[in-house]
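Look at the sequence and the structure before reading on.

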Amino acid sequence: MTTTLDTTIRAITNGEAPGETCTPDLAKGPWEFDETPGYGPGSSMFDVIPTGSPRQGALPAAYQDASPEDLHRRIREAKDALGDRLVILGHFYQRDEVVQHADFLGDSFQLANAALTKPDAEYIVFCGVHFMAETADILARPDQRVILPNLAAGCSMADMADEDSVEAAWEELVSVYGTEPDESGRVPVIPVTYMNSSAALKAFCGKHGGIVCTSSNAATVLEWAFERGQRVLFFPDQHLGRNTAKAMGVPLEQMPMWNPRKPLGGSTRDELMDARVILWHGFCSVHKRFTVDQVAAARESHPGVRVIVHPECPMPVVDAADESGSTDYIRRAVADATEPTTFAIGTEINMVNRLAAEYPQHTIFCLDPVICPCSTMYRIHPGYLAWVLEELVAGRVVNEIAVASTIQDDARVALERMLAAKPRD
Ligand code: SF4
């Protein structure tokens, strides 16, 4: 069997293998971090977790103490018992120990759609993070129930834009721009939220003539927005917004950053009047780890290397790479390479390692030599998966993610606009 990332992390932490991790805490069970502030070990461990973020209650000791073999057996037995009533979705960034039980593997957008392909499933167990489970709940049938195995699996980037701050920013922007369309009918500003945001912010966009984008269709979505608006308020990821708009020819000086702690987001009225894309100051701590120096080091150690990074990486890294694209773009680039190729990839380590195992004809490595998975994805562990499944077998639904009906309709409007905006790549 291929060595999994978890095995590698334990071997490094025990001094049995070479390599470096960002923290030895990665070798511990995620339940050890339920009482600690923060997102847990991994790339977003130093980000500030907002008060009121969902917390996970104690995982029963039987699951904490079970051996990996026992947990896998229990998961398989629960899956068999639930049959077609269950679908398990696994995100590309999820650990292999969890992904091996998934019926579908994909990015957040693909997984939200995948749930719909199993119409008999009463239960959608989403092995991803909170905003993905919310999106699945909005798109699912009303009688389908969505479950997140560990409620502490949030997303630090999504948490960087909260509803109150965005509402306050919107009021300030209206005070600057007013609400009247120009002579061509374009309103002053269109809100665009990245998929990686709360359901409340998707609803905000639906209510204000805006739209949701993914990393695959961000350019199509910006075109959609510029047809209807003079400018865009893009949240929460500044890097995806900047990289996409820059590739479309928007000058950097027309992309001011919005800092919700400063009046007018830290810009002057004139700067805001001149803006085409106002960027929220959010970021992904996984993709922020990639640097131009790492790209240079990959080129030096592997002449001819093909460097592909995710557009959540900072702009200089995207500029230094050969290509940038969504997780699905990266996966297809590797799958479609007909000649043995060396790839240096700038995205989450679980996905990179899985590609390396799946395509042994290529040399594939992560641009960041330090092993540092997404902290929140890492909160999902087979122990939590076994627990939620055995609870379902016993007729109890735990960790359900149910988006309030007052939010669902507006959020669905913004998501349906997103679904109609086909990716360019
Ligand atoms: S990789 Fe980044 S954007 Fe994705 S879930 Fe983790 S923190 Fe959020």
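In this predicted model, the shell around the ligand takes at least three residues from domain 1 (5-154 + 376-394) and at least three from domain 2 (159-285 + 408-420). The ligand is surrounded by 14 residues, and the closest are Cys155, Met157, Cys284, Val286 and Cys374. Sorted by class, this shell holds 8 nonpolar, 5 polar and 1 charged residues.

Strands of a sheet can pair in parallel or antiparallel fashion, through backbone hydrogen bonds. An open sheet in this model has 4 strands in the order E3-E2-E4-E5, and its pairing is parallel. Strand E3 (104-106) and strand E5 (145-147) are the edge strands, each with pairing on one side only. On average, neighbouring strands of the sheet are turned by 25 degrees against each other, direction ignored.

How many bridges join strand E2 to strand E4? There are 5 bridges between E2 (residues 86-91) and E4 (residues 123-127), and the two strands run parallel. Glycine 90 has cysteine 127 in E4 as its bridge partner.

| Helix | Strands involved | Direction |
|---|---|---|
| H5 (residues 108-116) | lies across E2, E3 and E4 | about 175 degrees to E2 |
| H6 (residues 130-139) | touches E2, E4 and E5 | about 155 degrees with E4 |

Definitions and conventions:
Residues numbered from 1 in each chain as written. Predicted model: local features only at pLDDT ≥ 70, side-chain atom pairs only at ≥ 80, totals over all residues. Pairing = 2+ DSSP bridges. Axes fitted to C-alpha atoms, helices over the stretch in contact; angles between N-to-C directions. Contact = placed C-beta atoms within 7 Å. Near = placed C-beta within 6 Å. Nonpolar A, V, L, I, M, F, W, Y, C, P; charged D, E, K, R; others polar. Domains from an automatic or database assignment.
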